[in-house]
Amino acid sequence: MTALNPAGWRPEMSVSGGADDSATFTGNRALMLEEPLIFEIGSTETTGVDFDDDAPAADPGSLMRSAPIGLPGLSESETVRHYTRLSRQNYAIDLGLFPLGSCTMKHNPRLNEKVARMPGFADVHPLQPQETVQGALAVINELAFWLIELTGMYGVAMSPKAGAHGELCGILCIKAALEARGEDRRVLLVPESAHGTNPATAAFAGFTVEDIPATKEGRVDLEALKARLGPDVAGVMITNPNTCGLFERDMKAISDAVHAVGGYVYCDGANFNAIVGKVRPGDLGIDAMHINLHKTFSTPHGGGGPGSGPVVLSEALAPYGPIPYAARYADGSLKLVEEESAGAEHPETFGRMTAFHGQMGMFTRALAYILSHGADGLKQVAEDAVLNANYVLRSLEDVLDAPFGPSGPCMHEALFTDEGLAEGFTTLDIAKALIDEGYHPMTVYFPLVVHGAMLIEPTETESKAVLDQFIGALRSVALRAKNGDPALKAAPHYAPRARLDETLAARKPVLAWEGNL
Amino acid sequence: MRYLPLTADDRAAMLAAVGASSIDDLFADVPPEARLDGPIAGLPLHASEIAVERHMRRLSKQNLAAADAPFFLGAGAYRHHIPASVDHLIQRGEFLTAYTPYQPEIAQGTLQMLFEFQSQVARLFGTDVANASMYDGSTACWEAIVMARRITKRSKALLSTGLHPHYRSVARTMAKYTRDMLVDGDPTLEAGTDWAALAAAVDKETSCVVVQYPDILGRIDDMSSLAGACQANGALLIAVVTEPVALGLIKSPGEMGADIVVGEGQAIGVGLQFGGPYVGLFACKSKYVRQMPGRLCGETVDANGKRGFVLTLSTREQHIRREKATSNICTNSGLCALAFSIHMTLLGEAGLRHLAAINHGRAKAAAAELANIPGVSVMNDSYFNEFTLRLPTDARATVHKLAEKGVLGGVSLGRLYPDNDALANGLIVAVTETVTEDDIAAFAAALKEVLA
């Protein structure tokens with residue numbers, strides 16, 4: 001066990017006058033507890049699971065495992081303590097404002113957790129006979145109905161596993177539609193402000209990516225876009241509201257122009273939370289848009305997933321959507337259209353993009369969220385999210401550079417830059433200083449279209465009092481960065497760890513525990 | 001609305017502070033013709049917690065939960081007992097409501113957990129390194145094929161006929177658009193795998209050979225000579241594991257020479273959940289690490305020299321490399337990876353081996369009893385906890401008749417391979433530690449009855 005702190009105070013040391021008077025024997029600091037790796041505290045003989053039976057003599061022949069695996073075990077009590085201690089080294093929405101722009105870190109209602117764990121949802125197998133899972137299919141169908149209504153689109157593909165997987169789904173629909181027309185268009189136009197997933201998805205699906213120029217106001221340059229359109233262009237991928245936090249005013253004109261040359265419009269719906277219940281993408285000529293259920297509809301981010309990325313589709317693209325999907329029949333029964341019936345019911349599908357039927361555990365949560373809010377509550381969600389972001393924007397634009405502030409209101413997120421900070425002070429310093437103030441920092445260095453971006457998305461689940469305190473803290477940190485306070489360079493001072501050496505991690509990657517048990 | 005803290009007074013004060021006369025001023029960039037003035041017509045309005053819970057419970061009850069029936073389904077998703085502490089721990093708000101650990105100083109909990117997860121997966125698979133998870137097994141499988149193309153600069157992939165048909169379908173969907181060439185086919189109801197044929201077919205144009213272990217029909221086989229054939233031709237061997245509990249009993253793919261091992265981690269710590277979310281496992285030899293998709297957590301030190309963890313080698317990823325990234329994946333399956341890791345920590349090596357032995361033992365008991373039914377035979381001569389029965393009739397109809405009798409009796413091959421009549425009588429049966437002797441007896445009795 002290496003939990004003990006070799007630099008800490010030892011009985012043989014003098015009582016005072018050490019290098020660090022506050023050093024403790026353990027390395028712990030009261031409630032800030034160090035925790036070793038399971039490989040340092042567990043053993044291969046220990047287990048936290050009891051079985052009713054002795055292990056029978058098993059004989060899989062020559063394939064029998066002989067070499068040790070090297071997996072440490074802990075008793076249940078040790079396991080609970082290990083993970084509880086680890087959890088306390090994390091920041092989370094449950095602890096405070098988590099203003100990561102574009103990530104939409106809003107409150108995760110616990111009713112949704114309870115619902116997802118109902119045995120009829122949590123304990124059903126994806127390949128059970130369909131007559132035994134009618135309620136699960138009803139959840140998919142009901143959520144699909146809401147997504148279609150809220151977006152004004154024609155259909156929805158429910159199976160994509162996350163936002164980027166949804167992008168892939170939409171892009172494959174476009175490919176399939178072009179193929180059905182006998183056209184081999186290779187170019188997708190993507191603005192520089194797009195999430196990295198957009199160009200990565202386009203490339204993953206075999207397209208060539210070209211940039212769409214932006215105006216000085218941070219929006220797509222419609223005239224420049226029109227000039228580039230032609231018979232080689234399969235379509236555009238546009239985020240609306242965009243990653244500068246601005247609504248693309250010309251969205252309908254963009255769609256019309258793209259359609260006029262035979263292309264399709266993909267919309268990255270990561271920021272749909274800003275307009276849910278206020279604007280229907282279907283009214284803007286969108287052909288496909290993924291919806292991150294883990295953003296707009298508040299399924300938990302879980303430290304990096306799982307997400308869920310249903311894709312709403314226009315009438316032009318819906319025939320090519322993936323299998324399987326849940327269909328309701330005249331007698332009220334629900335059925336999965338999958339390999340067996342796709343030939344008859346969905347013949348033009350581009351195929352399957354994942355095993356089974358999508359993120360059921362996220363569907364139940366998102367549906368509970370939507371039913372809780374209703375049409376009126378969802379509209380209020382968008383309005384409060386936009387109000388909160390504008391409040392942050394206007395409260396800080398006197399101390400931080402807001403490049404698009406003068407041109408009008410923002411949507412759900414406020415964008416600032418590092419313009420005006422003291423020489424040698426950066427966006428990163430502000431972010432790390434915010435950690436000491438008890439906040440998770442905003443999204444930094446994204447979008448790429450401004451220098452030293454700070455993208456703040458407060459979301460609608462924060463109160464005015466919380467925003468006022470955050471604004472005060474960021475104002476204080478910004479002023480210190482403008483005045484060149486050297487203490488900022490070493491921030492965070494009070495986190496479980498100081499700044500970590502990312503260069504070392506990449507130069508000599510240590511990606512797994514390499515010791516013996 | 002219970003989730004929205006702003007009061008009417010707050011809203012008024014904030015609108016005044018931003019210089020707007022109404023909320024509509026803030027939506028001024030939305031063209032009036034696209035703006036909805038009131039709540040969308042025809043949709044329900046907000047509802048109380050009681051009302052929502054009642055509605056969802058009603059839908060939940062329209063499903064037959066696995067715990068309420070003798071249950072024998074597998075084919076890529078397995079029902080295992082999950083210790084109570086797993087679900088408790090993943091609901092800690094600091095795990096549940098955290099984001100991808102972009103700010104490592106305040107995300108060491110998630111990062112250390114990911115480092116432990118990567119280490120557990122690498123050891124279980126017998127490889128050097130593993131990533132921080134993918135969406136699921138099927139997408140991990142396609143990513144492995146693409147990774148092999150990047151490494152070998154070849155684009156012909158040979159898929160074993162024993163690969164899960166959904167995994168194969170995902171690969172076919174993608175290959176259609178990426179112009180990768182797949183050589184694949186349906187399995188046949190035989191005791192042996194097609195691996196010897198694959199070893200003979202691998203050539204200098206082959207980027208990779210993909211085998212599943214145990215395969216879709218439950219068969220297990222030694223991949224050593226196939227690995228040798230791949231190596232001799234400069235191709236990579238990709239092994240797919242959909243039931244990781246098996247590796248508590250049988251050799252790991254890495255041990256037998258697989259270059260990339262991917263899999264579905266659902267069986268450990270993650271419930272059935274009607275197919276998702278699950279957790280894709282992705283591991284490989286360390287020489288290929290820079291071609292891996294997805295996030296990787298690595299060890300480093302902080303400014304005070306203390307050990308800590310960060311996301312690393314991000315220059316492979318979309319948020320840095322954009323169209324040149326190794327994959328478009330962003331959000332992965334973090335919370336399911338946590339559940340996997342906690343369950344694996346509770347089991348430990350001794351527990352995993354014990355669990356695997358019980359699974360195998362119970363499957364043997366079930367196979368013996370089911371094989372006694374007239375007209376029914378067990379096709380496999382090797383298996384872990386899943387085997388394929390040959391019935392005297394179309395298994396699709398049999399599955400429904402069993403369900404009428406309250407038995408969830410396996411996955412028919414007809415559902416997975418609807419166009420292949422030769423497979424119609426096949427039924428895949430999985431038997432885990434959750435199955436009791438009574439369940440086996442009930443299944444055998446019901447099957448005997450519906451086949452009579």
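Two strands pair if DSSP finds at least two bridges between them, and strands themselves are DSSP runs (E, at least two residues), numbered from the N terminus, as are helices (H or I, at least four). This is a predicted model, where local features need pLDDT of at least 70 and side-chain atom pairs count only at pLDDT 80 or more, while totals for chains, interfaces and linings use all residues. Residues are numbered from 1 along each chain as its sequence is written, and chains are lettered from A, with ligands numbered from 1, in the order in which they are written.

**Exercise 1.** Find the residue that stands opposite Val187(A) in strand 4 of chain A.

*Solution.* Start with strand 2 (residues 187-191) and strand 4 (residues 233-239) of chain A, which run parallel and are joined by 3 bridges. Then look across from Val187(A): the residue there is Val233(A).

**Exercise 2.** Work out which strands of the open sheet in chain A stand at the edges.

*Solution.* First write down the strand order, 1-7-6-5-4-2-3, for the 7 strands with mixed pairing. Next read the ends: strand 1 (155-157) and strand 3 (208-212) of chain A each have a single partner strand, so one side of each lacks a neighbour in the sheet.

**Exercise 3.** Determine how many residues of chain A are in contact with chain B, and which helix gives the most.

*Solution.* Now look at the contributors on the chain A side: helix 11 (residues 360-396) gives the most, with 21 residues.

Key. Two residues are in contact if their C-beta atoms, placed from the backbone, lie within 7 Å.
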